[in-house]
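Welcome to this tour! Open your viewer, keep the selection tool handy, and follow along stop by stop.

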Amino acid sequence: MTQGAWDIRLENLKLGYGDTVVLHDVAATLPGGKISVILGGSGGGKTTLLRHILGLSRPLAGKIYLGGHDIFALPDKEFRRLRRSMGVLFQDGALLGGLTLAENVGLSLYEHTNLRFDDIRGLVLHKLSLVGLEDFADYYPNQLSGGMRKRAGLARALATDPPLLLCDEPTSGLDPINAAQMDALLLAMREQYPDMTIVSVSHDLASLYNIADHVLVLNSGTVAFSGSLEELKNTDDPFLRRFLDRKADRVPAAAARNPELAPKVRAALDAWLSR
Amino acid sequence: MLAGLKALFSGTKQLRKIFRQMYVIGARSFFLIALIAAFTGMVLGLQGYYTLVKFGAEGMLGALIALSLIMELGPVLAAIMVAGRAGSAMAAEIGVMRISDQIDALTVMDIDPLGYLVSPRIAASLITFPLLTALFDVIGILGGYVSGVIMLGMNGGVYFYRIDTSVVWHDVSGGFIKSLVFALIVSSISCFQGYFAHMRRDGVGPVAVGNATTSAVVTSCILILVADYILTSFLL
Ligand SMILES: Nc1ncnc2c1ncn2[C@@H]1O[C@H](COP(=O)(O)OP(=O)(O)OP(=O)(O)O)[C@@H](O)[C@H]1O
Ligand SMILES: [Mg+2]
């Protein structure tokens, strides 16, 4: 449909659920063929933004362009074609619980072609080996740890070598070695597929410095920064500096000073603890 | 709904999913249905015998049991049992998939969740409900035989002769139509309760799945009885 790498253009977006607005005045361009990292606090609307880029929810206002196409103006058939080019890692993996890892990874190939699972098993095992799970191909998601499910979710996202890869917190919940492995995998994808646009959500600074070409920072419901990693490193915006230098914005001493428990509560708690 | 119906019987991969669901809905309800049917038939036999004996008409027992089962009790009780067993499972399974983003994952893989999850269940229900109903009828009639003939000493030949002469094709097809309608009610209500678990106002997350499951069974049962009344008034 579109030649070359796709960029993602967000235009005056207002996103939310029903009456609650989660993000407003979001305007940014995530460059094609690069790795963009979306940063933001917990509950800051990162997943919400991804869901809208995927077309799973409609914005309250504004537009989203993928490779120049306004995704909410496209006819349904065209949009579904466009979405076929997206690989997605959901925050909790979202593997189908009734299928093995191999079946999960091979699912879209299996469903959209007349290939049988045996035909695609080689490819599936290769994708699983990228995330170090080739020995777990026949396990069900519930038999794995959270981090393993996340890695399997990435293998599924990569199954069709999509031009657009969207990952919701690929490294959270992983040990440092596996987290570094995920980062290395994303970098390798960018090497191997120069036209692949990768968007990754994170609040892991180490990972940010490792992989980001472009950074989008969300804070208090809107875009606090959108630019290259270099620009971010040199910023003198007080909020961004605090974020980058990992400074708490509330004084810890105040947080540690617990309010006095009411005598009744104190007594009940002590009685239970000494029982 | 329309998309779901359209995708009902397309492709061998779809057939495979339908067979899987037939196993879940049908094969695994087999013993439950057989048990309920046996006791229903036995109670009908006892109750019917003592009622008919007052009029000296105990010879009609076979006809009474067979007609009650084939036209009413078979389709209705089988459907209610399967709603409790398989309908609740459909709502819970699809509801969990909804709240854990699995349905969204299907959507972004361009796999129509209705075609993937809902239509195999509807199709499998349309196939298995009539079979389970037939099973219910047969075992119920045998249950009536046990209490009427073996325990109360009626003549076995008369029992089956009365069934043979009183049941006509119209009764059987009526029961069949009912079981098809109930299949549609139970499967579509259960699937859609699960499918829209995230839009419920009475809870979120696991609570919503629980409520969806409850509504699936309750709504199915009520609609089965309402539809039964409407169908009976048309079929009689
Ligand atoms: N389905 C929903 N309905 C209503 N509000 C929602 C829904 N999903 C998320 N929210 C709200 O939107 C806000 C942003 O949530 P979101 O999941 O986008 O955050 P996030 O940045 O991904 O956080 P995290 O890093 O913890 O994953 C939160 O305040 C949340 O309460
Ligand atoms: Mg999130």
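Start by selecting Leu101(A), Asn104(A) and Val105(A) in α3(A), which meet Ala152(A), Ala155(A) and Arg156(A) in α5(A). Meeting, or contact, means heavy atoms within 4.5 Å. Sort the residues of this contact by class and you get four nonpolar, one polar and one charged. Here Ala, Val, Leu, Ile, Met, Phe, Trp, Tyr, Cys and Pro count as nonpolar, Asp, Glu, Lys and Arg as charged, and the others, Gly among them, as polar.

A word on what you are viewing: this is a predicted model, in which local features need pLDDT of at least 70 and side-chain atom pairs count only at pLDDT 80 or more, while totals for chains, interfaces and linings use all residues. Residues are numbered from 1 along each chain as its sequence is written, chains are lettered from A and ligands numbered from 1 in the order in which they are written, and side-chain values use heavy atoms, with hydrogens and water left out.

Now show the two helices whole. Helices (H or I, at least four residues) and strands (E, at least two) are DSSP runs, numbered from the N terminus. The axes of α3(A), residues 101-112, and α5(A), residues 146-157, come within 8 Å and cross at roughly 30°. That makes α3(A) roughly parallel to α5(A). Angles under 35 degrees count as roughly parallel, over 145 as roughly antiparallel, 65 to 115 as roughly perpendicular and the rest as oblique. Axes are lines fitted to C-alpha atoms, for helices over the stretch in contact, and angles run from 0 to 180 degrees between N-to-C directions.

To see the contact, pick Lys150(A), Arg151(A) and Leu154(A) of α5(A) with Asn178(A), Met182(A) and Leu185(A) of α6(A).

Next, select ligand 1. Which residues are closest to ligand 1? They are Ser42(A), Lys46(A), Thr47(A), Thr48(A) and Gln91(A), out of 13 residues that surround the ligand (a heavy atom within 4 Å). A polar side-chain atom of Lys46(A) lies 2.7 Å from an oxygen atom of ligand 1. For Glu169(A), a side-chain N or O atom is 2.9 Å from a ligand oxygen.

Finally, switch to chain B, which has nine helices and zero strands. Its C-alpha atoms fill a box of roughly 70 × 35 × 30 Å, taken along the principal axes. Select α2(B), residues 12-25, and α6(B), residues 113-151, whose axes come within 8 Å and cross at roughly 50°. That makes α2(B) oblique to α6(B).

Technical notes:
Polar contact = N/O pair within 3.5 Å; in protein donor to acceptor, adjacent residues only side chain to side chain.
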